[in-house]
Amino acid sequence: MENDLALRRIVIVGGGTAGWMAAAPLAQQFMRGSGERCEILLVESPDIGTVGVGEATLPPIRFYNRALGIEGADFVRKTQGSFKLGIEFKDWGHLGHRFFHGFGDFGPAVDGRSAFMHWLRLNEQGEMPSYEDWSTATQLARANRFTPPQGEAPSPSASYSFAYHFDASLYAAYLRDYAVQRGTQRIEGTIVEVEQRPEDGFVAAVKLADGRRIEGDLFIDCSGFRALLIEGTMKAGYEDWSALLPCNSALAVPTRRVEPLTPYTTSTAREAGWQWRIPLQHRTGNGHVYCNGFISDERAEAILMQGLDAPALASPRPLRFTAGRRRQSWIKNVVAVGLAGGFLEPLESTSIQLIMDAVGRLIQYFPDRSFAPQLAAEFNRKMALQYESIRDFIVLHYKLTRRDDSEFWRYCAAMPIPDTLAHQIELFRASGRVAILDPEGFAEPSWVSLLLGLGVLPRGHDPLADRVPLDQLRQHFERVRQAITQTVAGTPDHAAYLERHAKAAPLA
Ligand code: FAD
């Protein structure tokens with residue numbers, strides 16, 4: 001039987017990355033099947049710009065693209081993109097210190113116990129080189145090489161993953177074309193008023209500056225830091241995490257492309273924050289994320305400019321933010337996606353992931369016009385868990401620093417942390433085990449990379465790993481090492497791979 005309470009119109013407020021990332025899969029859903037179509041309208045202001053940053057991603061973006069039928073090479077070409085095997089961290093643990101958070105695992109389990117546990121056991125005997133030697137992603141990145149994984153796991157040539165770097169404005173335009181071709185109506189206008197139904201407070205319509213009135217059943221708030229509907233109208237409230245993540249400012253600046261074109265993001269810790277470097281085909285994206293309570297904006301700009309490896313192509317663009325999340329992302333018929341729902345600084349490129357997962361969850365718990373409150377409750381529960389788990393992962397980078405060369409780093413090392421993170425660190429320190437708060441979030445290899453990279457070496461290992469004879473283990477690791485070496489040797493240079501498979505046309 002048809003559901004006569006089916007949504008008839010969805011209004012997306014905002015045309016930044018979040019707005020178009022929400023529009024594309026919804027448009028695709030409603031293209032399919034018969035029956036009455038639900039209209040999708042997206043309102044974007046010609047006067048209020050997008051945040052225009054957000055150029056590094058995490059591997060699951062490939063599932064998002066695949067679900068939309070987007071082909072990887074076409075996507076990279078049209079967004080001036082490049083490939084990302086992970087993040088190189090410089091000067092985080094201490095000055096001169098480097099480690100790599102590579103995507104993928106660290107090779108096959110042995111006798112049912114993870115490779116990491118066996119590595120710990122051999123490491124205790126003083127026999128093992130760095131753990132990074134067993135990450136194919138890390139080894140490929142260090143050699144500036146890239147090809148998509150080949151073959152079948154657990155082979156090292158298949159046991160890594162990758163994400164993309166892209167130009168944020170080209171990405172939004174790419175998804176806009178996708179969504180508009182599938183029936184999304186784009187409306188240019190600035191919302192000046194939100195009209196609520198007197199009987200229950202649901203949003204009935206938004207009014208534009210030119211007098212137009214746009215009604216809808218469901219409103220997706222993608223209005224960025226303004227949070228026009230979720231905060232302005234619904235008063236969701238904001239959980240402020242700036243005591244844990246004190247960075248509240250950023251300066252973003254593009255520079256000319258330089259060689260080699262690295263297949264990874266670089267994050268370099270600075271006096272009161274850190275600097276990103278994201279290589280694209282037509283330019284490099286750079287930015288300095290910092291806390292203006294510890295350094296002035298002028299000093300932050302000077303640090304950024306001194307740290308560039310090529311001439312700047314524009315003046316640095318300032319941004320301000322407060323780390324945290326909306327207490328509720330879904331209230332009545334308003335769902336916040338993107339910066340309207342919260343912001344965790346871009347250290348691990350998690351914002352686009354949060355957008356993707358929010359849109360996926362909205363489709364999973366898609367409402368009809370009765371808006372069962374349980375759907376919103378489940379959506380909010382999962383969003384909260386995801387935000388908290390990512391928060392812990394990012395706070396870890398700061399908390400485990402051994403830097404004491406500035407007031408900022410001394411603050412970070414001394415700050416109290418959430419119980420969930422304290423437990424994570426102590427569990428790992430005692431036993432090498434990882435507690436996963438959010439099963440959909442960063443997996444064990446990522447936590448291990450970070451904890452080991454920042455200098456936490458477990459005191460013990462899984463006793464069940466001791467059943468494997470040491471000689472057998474040594475042979476196993478040697479075989480894996482040889483396979484990784486062969487994989488790296490047989491992989492093309494990143495720039496050469498792009499040139500051959502996904503070369504972007506010069507921008508007009
Ligand atoms: P916005 O881009 O701000 O878009 C808001 C939209 O709402 C605009 O279209 C605007 O016109 C519209 N709007 C607002 N008010 C009105 C109104 N009254 N009427 C009509 N329309 C209105 N994420 C990553 O995943 N990786 C990264 O590397 C990364 N780096 C970042 C670096 C920095 C410094 C910052 C601040 C963020 C970074 N992010 C990153 C986050 C990422 O940029 C955002 O998650 C993403 O761009 C989504 O933004 P948005 O669409 O929510 O908001």
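1. The residues of the shell around the ligand, where a residue belongs if one of its heavy atoms lies within 4 Å of the molecule, divide into 16 nonpolar, 15 polar and three charged. In this division Ala, Val, Leu, Ile, Met, Phe, Trp, Tyr, Cys and Pro count as nonpolar, Asp, Glu, Lys and Arg as charged, and the others, Gly among them, as polar. The ligand is surrounded by 34 residues, and the closest are Gly15, Ile48, Ala56, Ile191 and Ile352.

2. Before going further, please keep in mind that this is a predicted model, in which local features need pLDDT of at least 70 and side-chain atom pairs count only at pLDDT 80 or more, while totals for chains, interfaces and linings use all residues. Residues are numbered from 1 along each chain as its sequence is written, and side-chain values use heavy atoms, with hydrogens and water left out.

3. Which backbone atoms lie 2.9 Å from an oxygen atom of the ligand? A backbone N or O atom of Ala18 lies at that distance, 2.9 Å, from an oxygen atom of the ligand, and a backbone N or O atom of Val51 also lies 2.9 Å from an oxygen atom of the ligand. For Ala56, a backbone N or O atom lies 2.7 Å from a nitrogen atom of the ligand. On its own the ligand has 1000 Å² of accessible area, and the protein covers 97% of it; such areas come from the Shrake-Rupley method with a 1.4 Å probe, and for residues only the protein chains shown count as cover.

4. Helix H1 (17-31) and helix H8 (351-364) are the elements that give two or more residues to the shell around the ligand, and H8 gives the most, with three residues. Helices (H or I, at least four residues) and strands (E, at least two) are DSSP runs, numbered from the N terminus.

5. Strand S2 (residues 39-44) has five of its six residues buried, so it is largely enclosed by the rest of the structure. Here buried means under 20% relative accessible area, exposed over 50%, and partly exposed in between, with a 1.4 Å probe and protein chains only. Strand S1 (residues 9-13) pairs with S2 in the parallel sense over five bridges, and two strands are said to pair if DSSP finds at least two bridges between them. Within this pairing, Ile40 in S2 is the bridge partner of Ile10. S2 is also joined by four bridges to strand S7 (residues 185-188), and these two run parallel, with Arg186 in S7 as the bridge partner of Leu42.

6. If its neighbours within four places in sequence are left aside, Ala27 is in contact (heavy atoms within 4.5 Å) with Ile40, Ala179, Arg182 and Thr184.

7. Strand S5 (residues 98-102) holds His101, and four of the five residues of S5 are buried, so the strand is largely enclosed by the rest of the structure. His101 itself counts as buried at 0% relative accessibility. The side chains of His101 and Glu348 are joined by a polar contact of 3.0 Å; a polar contact is a pair of N or O atoms within 3.5 Å, where, within protein, one must be able to donate a hydrogen and the other to accept it, and residues adjacent in sequence count only if both atoms are side-chain atoms. Leaving aside neighbours within four places in sequence, the residues in contact with His101 include Leu85, Phe89, Phe393 and Phe442. Strand S4 (residues 86-90) and S5 run antiparallel and are joined by five bridges, and Gly86 stands opposite Gly102 in S5.

8. Some backbone angles deserve a second look. Most residues other than glycine have a negative phi, and most peptide bonds are trans. A cis peptide bond, with omega about 10°, joins Ala153 and Pro154, and Pro154 has its place in the loop between helix H5 (136-142) and strand S6 (163-165). Another cis peptide bond joins Glu259 and Pro260, with omega about -5°, and Pro260 is found in the loop between strand S13 (249-255) and strand S14 (265-270).

9. Asp111, although it is not a glycine, has a positive phi of about 55°; Asp111 lies in the loop between S5 and helix H4 (115-124) and counts as partly exposed at 45% relative accessibility. Ser349, also not a glycine, has a positive phi of about 50°; Ser349 lies in the loop between strand S21 (342-343) and H8 and counts as buried at 7% relative accessibility.
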